[in-house]
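Here is a short note for a colleague opening this structure. Please keep the model in view while going through the points.

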Amino acid sequence: MATESANPATVAHAAEHDHHEPQSFWRKYIFSEDHKTIAKQYLISGIIWSIIGISLSVMFRLQLGFPAMKLDFLRPILGGWIDETGKLDPDFYLALVTMHGTIMVFFVLTAGLSGTFSNFLIPLQVGARDMASGFLNMLSYWFFFIASMLMLWSLFIETGPASGGWVIYPPLSALPQAHKGSEFGMTLWLISMALFIVSQLLGGINYITTVINLRTRGMSFSKLPLTIWAFFLTAVLGLISFPVLLSAALLLIFDRSFGTSFYLSEIYIKGEALPNVGGSPILFQHLFWFLGHPEVYIVLLPALGMTSEIIATNSRKPIFGYRAMIASMMGIAFLAFIVWAHHMFVTGMNPFLGSIFMFLTLIIAVPSAVKAFNYITTLWRGNIRFTPAMLFSIGLVSFFISGGLTGLILGNSALDIQLHDTYFVVAHFHLVMGAASAFGLLAGVYHWFPKMFGRMLNEKLGYVHFWMTFIGIYLVFFPMHYIGIAGFPRRYYAFTSYDFTKNIFADMNAFISLAAIFTFAAQWIFIYNFVYSLIKGRKAPQNPWKSNTLEWTAPINPGHGNWVGEIPPVYRWAYDYSKPGAKDDFIPQNVPFSQTPESNLPHENELIGMEKEIEAQYLNDQFNQPH
Amino acid sequence: MIYIVILLSVIFLGLAAVVVSRMATVVKNANGPVEEGHIGMSNRINGALFMIFLVLSIIGFVWSFLYAKQFFLPEASTPHGRRTDFLFWLSMGIITVAFVITNALLFIFAWLYQYKEGRKAAYYPENHKLELIWTVIPAVVMAVMVFTGWRAWRDIMSEAPADAQVFEIVGKQFNWIVRYPGVDNNKLGAFNYKLIDSNNETGIDYTDEASFDDYVSTSELHIPVGRPVLLKIRARDVLHSVFIPHLRVKMDAVPGMPTRFWFTADKTTDEMRNITGNPNFGYEIACTEVCGQGHFSMRIRLIIEDEASYQAWCKEQKPLLSAVPELASRIPANLKSKAAKYLPAEETAAPADSVTASVITKGVKVASATLR
């Protein structure tokens with residue numbers, strides 16, 4: 001069904017936006033200010049980064065799963081990091097885990113997920129021509145691009161990239177003499193991250209401004225799709241927390257290069273007592289986790305938002321508890337700022353602070369639980385269509401639950417004493433934040449690919465991709481809980497030095513590595529599907545998923561300005577699926593109540609009178625302003 | 001093992017080949033006309049797969065748990081550790097119930113409410129009562145978990161008893177150094193990082209007379225069983241973290257900010273050898289904060305022994321000052337007489353000959369015996 005509605009207001013004003021001259025190749029595809037192009041740039045960059053990031057993890061999984069394996073075949077890629085006997089260099093092992101973390105958290109799940117879908121969906125779902133500032137949006141991508149290039153470069157320098165863990169705790173990261181990875185690689189890491197933060201801030205300001213100022217007529221906050229709510233709150237989180245990471249990084253740069261002592265005190269290293277006194281390594285951890293914890297939600301909230309949309313659409317049911325979902329996300333966004341020190345229970349921080357943060361941390365589980373229950377209830381008595389996007393969304397909810405539950409254990413400071421920095425933590429956050437967010441990203445790609453590229457992804461390949469990935473991820477991370485309970489510390493190059501890790505779980509580790517390789521292999525199905533469908537995929541219909549949101553009213557291949565003619569106004573929320581009495585099982589947001597008397601609820605009949613008012617509202621149309 | 005690996009690799013390769021060959025046929029059929037709204041077989045297959053996944057994963061979960069259980073750490077050797085272990089398994093029980101129920105509902109609903117021709121989904125946008133219920137229930141359960149956890153945390157992190165036996169453990173790249181409070185006064189002397197050198201690895205400050213009898217070790221830490229032990233934790237260069245898995249002890253070592261952790265171990269190494277049935281069992285201290293290349297091998301042995309053998313072992317130890325007499329030059333003049341008994345001879349004298357050294361060592365032993 002074509003939902004280009006014949007809204008009189010839309011027709012009345014003629015399309016008047018063809019006064020833009022055709023743009024050069026560079027302006028159109030490279031230095032583009034169009035939010036759709038920028039979103040695609042983020043998506044492609046994110047996919048490339050994820051291939052690199054996951055490859056790194058496969059390399060260190062080889063070391064962990066098969067410690068005796070000769071890795072000579074990696075020499076063409078890793079060169080001198082494989083020694084003469086075919087062993088991976090322990091320094092480079094740490095570099096691999098560090099870069100895997102950095103790349104996946106920041107470059108894939110922050111830039112690739114938020115960057116892609118906030119950019120793509122915010123204007124299309126709120127009914128705007130473009131972002132509030134196309135120029136800042138372009139700058140945002142290119143700052144990210146420069147940051148990417150620096151990070152990529154650091155992989156190839158002689159002393160190797162940063163390798164003190166993705167959390168780069170000083171003094172290890174501050175002292176070049178302490179560690180190979182703290183030499184030039186660390187400098188590049190810090191500069192790259194500083195630029196990355198600039199990019200995130202430019203993007204975030206844009207998202208917030210667009211959502212607040214450029215909503216179409218009738219699109220009140222209470223009618224916004226949950227995707228937009230999620231992107232909005234994510235941007236707010238990023239805007240408040242990323243500057244703190246920037247300051248942490250700057251102070252670290254000062255300590256490294258200008259002789260300050262923010263994080264350094266009473267250090268004797270390599271036969272020399274350093275003059276620095278009075279600094280505190282704990283200060284860095286506080287600053288880092290003040291971003292680091294919200295960061296978890298920065299990567300997770302957009303995934304949850306998109307999942308809400310996809311699950312509602314494909315269950316053909318309104319999302320259960322729309323307001324509760326918003327309230328939960330707001331609760332999560334607020335609490336995200338006051339739980340950071342649960343990463344620091346055993347750092348020597350005052351135990352009283354630990355108690356406070358334990359209470360606050362476990363409060364955040366309540367809104368998370370509400371969200372999970374709401375997703376499950378949305379499925380209940382639905383009429384579910386398993387599109388690949390829907391499968392990935394269900395997978396996300398499963399990961400979110402499975403990984404989230406172990407958070408109740410780790411958030412309990414008494415239990416964290418034993419489990420801190422073991423594989424239990426690795427299993428926990430990979431499920432709840434890594435895999436769940438990655439599934440959100442994949443679900444989003446499967447769902448909005450038709451809107452992005454005007455073609456459909458192949459569904460069958462999508463199914464195969466989903467099942468292999470879903471099973472693979474559980475096979476990788478579920479056994480890690482056991483290894484963690486057995487006390488295996490993370491970031492260990494080998495488990496041969498201790499009696500309590502020696503000779504046990506070797507087969508389990510090998511199994512995890514195989515499962516990781518299997519999961520990685522499955523991603524090539526997606527890459528193939530993506531590239532193939534981009535060129536030869538089936539042409540997308542106007543509204544392939546029979547969805548209510550506004551983006552499906554725009555042309556199949558939206559041009560500059562998204563809608564031809566006037567932007568449609570919005571009269572109802574985004575979740576009128578299977579409404580009793582309605583002839584279709586969905587009613588798009590731009591269909592006025594006056595056209596659906598058969599399905600209106602009593603209070604909605606009263607809203608019919610508002611429609612004239614909505615249509616008469618000032619339309620903040622970026623193209624009809626003097627410029 | 002390697003055969004299993006090869007076998008699995010072959011299976012995966014086979015699967016990959018099947019997928020690739022299927023891909024070609026699938027893709028060929030993909031360019032047909034758009035079948036608007038047609039929902040066919042694959043929907044049913046996917047729905048059924050969720051149920052199959054649910055069943056298989058529960059079997060896998062139970063089997064893998066039973067298999068892995070044998071490798072979990074044995075019962076903790078500290079009372080606080082047994083307490084947190086109990087809380088851990090209690091919490092684990094609660095979350096396992098939640099885990100199974102919610103995941104099962106998710107997959108069962110997916111299967112049960114899959115698309116059926118002509119059926120219309122329920123328009124069920126909200127139910128405040130239901131939402132209230134499932135806000136309150138997790139909140140109450142979590143409150144209980146938090147409260148029990150908080151009480152344990154409070155007790156574990158409380159101030160050490162005054163009579164706790166104090167040891168110092170210092171992390172450096174890439175080993176631990178332990179410092180004992182000495183053969184005579186049972187008091188740790190002061191330290192200063194600027195005094196560190198190859199002779200004095202923990203930076204013992206010899207202007208403090210409590211330092212004179214302190215001794216250090218890089219190979220093992222001996223502690224008495226059944227007595228509170230206070231570990232004073234320091235780091236010399238970068239962050240480290242003291243991790244004693246069998247005692248459920250973990251605390252970061254931070255340069256410039258000494259930390260501490262106290263506990264009472266109640267199973268000696270020998271007792272643990274009997275319990276685990278492993279005649280080579282030994283307690284170990286590991287590092288769990290990444291500290292550089294040798295992070296994975298910062299092992300130091302921990303020996304828990306009964307009071308008598310602990311005391312006997314202590315008596316055999318020599319103060320660092322006796323082992324490295326050059327350090328005496330750091331002792332201020334007014335304290336030199338107090339340090340004399342730990343020194344081989346007058347510091348102005350020529351290097352001590354073996355006869356005097358042994359005499360003095362004997363003297364030290366006598367002194368410590370009488371003091372105790």
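1. Start with a pair of strands in chain B. Strand β6 (residues 240–244) of chain B and β9(B) pair in the antiparallel sense, over 2 bridges. Two facing pairs can be picked out. V242(B) stands opposite C287(B), and F243(B) stands opposite A286(B). Bear in mind that this is a predicted model.

2. Is β6(B) enclosed or open? 5 of the 5 residues of β6(B) are buried, so the strand is largely enclosed by the rest of the structure.

3. β6(B) and β7(B) form a hairpin, with 4 residues between them. In the turn, R248(B) has a positive phi of about 60 degrees.

4. Now follow β9(B) the other way. Strand β9 covers residues 283–287 of chain B, and 4 of its 5 residues are buried. It is joined by 3 bridges to strand β10 (residues 300–305) of chain B, and the two run antiparallel. I285(B) has I300(B) as its bridge partner in β10(B).

5. The order is β3-β2-β1-β5-β8, and the pairing is mixed. Which strands stand at the edges? They are β3 (215–217) and β8 (259–264) of chain B. Each has a single partner strand, so one side of each is left without a neighbour in the sheet. The twist from one strand to the next averages 25 degrees.

6. Strand β1 (residues 165–172) of chain B and strand β5 (residues 228–235) of chain B run parallel, over 7 bridges. V166(B) has L230(B) in β5(B) as its bridge partner. In general, strands of a sheet pair through backbone hydrogen bonds, either parallel or antiparallel.

7. Turn to chain A. Its secondary structure comes to 18 helices and 2 strands. The radius of gyration is 25 Å, close to the 25 Å that the globule rule gives for 627 residues, so chain A is as compact as a globular protein of that length. Its C-alpha atoms fill a box of roughly 80 × 50 × 50 Å along the principal axes. Of its 627 residues, 64% count as buried. Of the contacts in chain A with a separation of 6 or more, 79% come from residues 24 or more positions apart.

8. Helix α11 of chain A deserves a look. It spans residues 351–379, which is 29 residues. From first C-alpha to last it reaches 43 Å, close to the 42 Å expected at 1.5 Å a residue. The helix is mostly covered, with 22 of its 29 residues buried. After α11(A) comes R381(A), whose phi is positive, near 55 degrees.

9. Last, the contact between the chains. Here 111 residues of chain A are in contact with 99 residues of chain B. Which element gives the largest share of the chain A side? It is α11(A), with 14 residues. By class, the chain A side has 71 nonpolar, 25 polar and 15 charged residues.

Key:
Residues are numbered from 1 along each chain as its sequence is written. Chains are lettered from A and ligands numbered from 1 in the order in which they are written. This is a predicted model: local features need pLDDT of at least 70, side-chain atom pairs count only at pLDDT 80 or more; totals for chains, interfaces and linings use all residues. The expected span of a helix is 1.5 Å times one less than its number of residues. A residue is buried if 20 or more other C-beta atoms lie within 10 Å of its own, exposed if 12 or fewer, and partly exposed in between; C-beta atoms are placed from the backbone. Two residues are in contact if their C-beta atoms, placed from the backbone, lie within 7 Å. Ala, Val, Leu, Ile, Met, Phe, Trp, Tyr, Cys and Pro count as nonpolar, Asp, Glu, Lys and Arg as charged, and the others, Gly among them, as polar. Two strands pair if DSSP finds at least two bridges between them. Axes are lines fitted to C-alpha atoms, for helices over the stretch in contact, and angles run from 0 to 180 degrees between N-to-C directions. The radius of gyration is taken over C-alpha atoms; the globule rule is 2.2 Å times the number of residues to the power 0.38.
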